[in-house]
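Hi there,

Here is the structure I promised to pass on. Please have a look at it first, and then read my notes below.

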Amino acid sequence: MISVQYFARYREILGLDTEQLQPGFATLDELRQHLLARGGVWEVLAERGLMCARNEELCALSEPLTDGDAVAFFPTVTGG
């Protein structure tokens with residue numbers, strides 16, 4: 001299984017903080033495309049400022065995935 005977590009505004013918009021998905025995605029972007037195909041509120045994951053992590057390390061959407069990975073999606077954090 002792949003554990004997917006949604007943080008901050010994404011969690012609020014999706015109404016979901018975590019879910020488990022069957023493995024079978026070659027990259028993090030392939031997983032994201034699967035989620036985007038759900039339509040509606042899931043389009044938030046198409047945002048330009050989307051950040052992601054695999055196994056608690058920031059990564060690019062090209063990051064490969066394997067069974068047992070933990071993935072996180074979160075918006076860019078800004079501060080002042």
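In what follows, contact means heavy atoms within 4.5 Å. With that in mind, leucine 31 touches Val4, Leu21, Phe25, Leu65, Val71 and Phe73, leaving aside residues up to four places away in sequence.

Two notes on the source before I go on. This is a predicted model, in which local features need pLDDT of at least 70 and side-chain atom pairs count only at pLDDT 80 or more, while totals for chains, interfaces and linings use all residues. Residues are numbered from 1 along each chain as its sequence is written, and side-chain values use heavy atoms, with hydrogens and water left out.

Now to the core. A nonpolar core here is a set of buried Ala, Val, Leu, Ile, Met, Phe, Trp, Tyr and Cys residues joined through side-chain atoms within 4.5 Å. Buried means under 20% relative accessible area, exposed means over 50%, and partly exposed is in between (1.4 Å probe, protein chains only). The largest such core has 20 residues, and those with the most contacts inside it are Tyr6, Leu31, Leu35, Leu45 and Phe73. Two or more residues each come from strand S1 (2-6), helix H1 (8-14), helix H2 (28-36) and strand S5 (70-74). H2 gives the most, with 4 residues. Helices (H or I, at least four residues) and strands (E, at least two) are DSSP runs, numbered from the N terminus.

Arginine 32 is also found in helix H2. Is arginine 32 buried or exposed? Its relative accessibility is 11%, so arginine 32 counts as buried. Arginine 32 touches Leu45, Ala46, Leu50, Leu61 and Phe73, again not counting residues up to four places away in sequence.

Next, the sheet. 5 strands form an open sheet with mixed pairing, in the order S2-S1-S5-S3-S4. Strand S2 (18-21) and S4 stand at the edges with a single partner strand each, so one side of each has no neighbour in the sheet. On average, neighbouring strands are turned by 30° against each other, direction ignored. Two strands pair if DSSP finds at least two bridges between them; S1 and S5 run parallel and are joined by 4 bridges. Glutamine 5 stands opposite alanine 72 in S5. H2 lies across S1, S2, S3, S4 and S5, and runs at about 60° to S5. Axes are lines fitted to C-alpha atoms, for helices over the stretch in contact, and angles run from 0 to 180 degrees between N-to-C directions.

A disulfide is a pair of cysteine sulfur atoms within 2.5 Å, and the structure holds 0 disulfides. Cysteine 52 is buried, at 4% relative accessible area, and cysteine 59 is buried too, at 17%.

Finally, some backbone angles. Most residues other than glycine have a negative phi. Alanine 8, in helix H1, has a positive phi of about 55° although it is not a glycine. Asparagine 55 has a positive phi near 50° and sits in the loop between strand S3 (51-54) and strand S4 (57-59). Alanine 8 counts as partly exposed at 37% relative accessibility, and asparagine 55 counts as partly exposed at 37%.

Best wishes
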